[in-house]
Amino acid sequence: MRLTNVLFKKVKSKRIMVVLESVVSGHQYNAFRDRLADKLEIIRFDPYIQQDSLYRERKKIRSA
């Protein structure tokens, strides 16, 4: 392997930014998680319905 191949190797981030979406109302917010972790599911306050609701990971936005 040449030295140029070693220097230009792209490094992956350990964390990624994902979109979490409310199951009830569709409200969204961004969160970070580890790249190798399972998809996020969190119970959090939803401002649209003024109650706690389940948020599920919808898609990956970018590396962080």
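Two strands count as paired if DSSP finds at least two bridges between them. Keep that in mind for the first stop: isoleucine 16 stands opposite serine 63 in S4. The model on screen is predicted.

**Whole chain**

Start with everything shown as a cartoon. From the N terminus on, the order is α-β-β-β-β. The chain holds 64 residues, of which 22% count as buried. Now consider contacts between residues at least 6 apart in sequence: 40% of them join residues at least 24 apart.

**The sheet**

Select the four strands. They form an open sheet in the order S2-S1-S4-S3, with antiparallel pairing. S2 and S3 are the edge strands, each pairing on one side only. Look along the sheet for the twist, which averages 45° from one strand to the next.

**Strand S1**

Select residues 15-22, which make up S1. Is S1 enclosed or open to the outside? Six of its eight residues are buried, so S1 is largely enclosed by the rest of the structure.

Seven bridges join S1 to S4, and the two run antiparallel. Return to isoleucine 16 and find serine 63 across from it in S4. Then move along to valine 19, which stands opposite lysine 59 in S4.

**Salt bridge one: Glu57 and Arg33**

Stay on arginine 33 and show side chains. Which residue forms a salt bridge with arginine 33? The partner is glutamate 57, and the closest N and O atoms are 2.8 Å apart. Glutamate 57 lies in strand S4 (residues 51-63) and arginine 33 in strand S2 (residues 28-34), so the pair ties together parts that are 24 residues apart in sequence.

Are these two side chains buried or exposed? The cut-off for buried is under 20% relative accessible area. Glutamate 57 is at 13%, and so counts as buried. Arginine 33, at 12%, counts as buried as well.

Arginine 56 is partly exposed, at 41% relative accessibility. Glutamate 41 is exposed, with a relative accessible area of 52%.

**A nonpolar patch**

Last stop. Select Val23, Val24, Tyr48 and Ile49 and bring the surface back. These residues form a nonpolar patch on the surface, with about 390 Å² of accessible area together. Centre on tyrosine 48. Where does it sit in the fold? Tyrosine 48 is in the loop between S3 and S4. At 57% relative accessibility, tyrosine 48 counts as exposed.

Terms used:
Residues numbered from 1 in each chain as written. Predicted model: local features only at pLDDT ≥ 70, side-chain atom pairs only at ≥ 80, totals over all residues. Heavy atoms only, no water. Salt bridge = Lys/Arg side-chain N within 4 Å of Asp/Glu carboxyl O. Buried < 20%, exposed > 50% of the residue type's maximum accessible area, 1.4 Å probe, protein only. Patch = residues over 30% accessible without salt bridge, like charges linked within 9 Å, V, L, I, M, F, W, Y side chains within 5 Å. Areas by Shrake-Rupley, 256 points an atom, 1.4 Å probe, with all protein chains shown as cover. Axes fitted to C-alpha atoms, helices over the stretch in contact; angles between N-to-C directions. Contact = heavy atoms within 4.5 Å.
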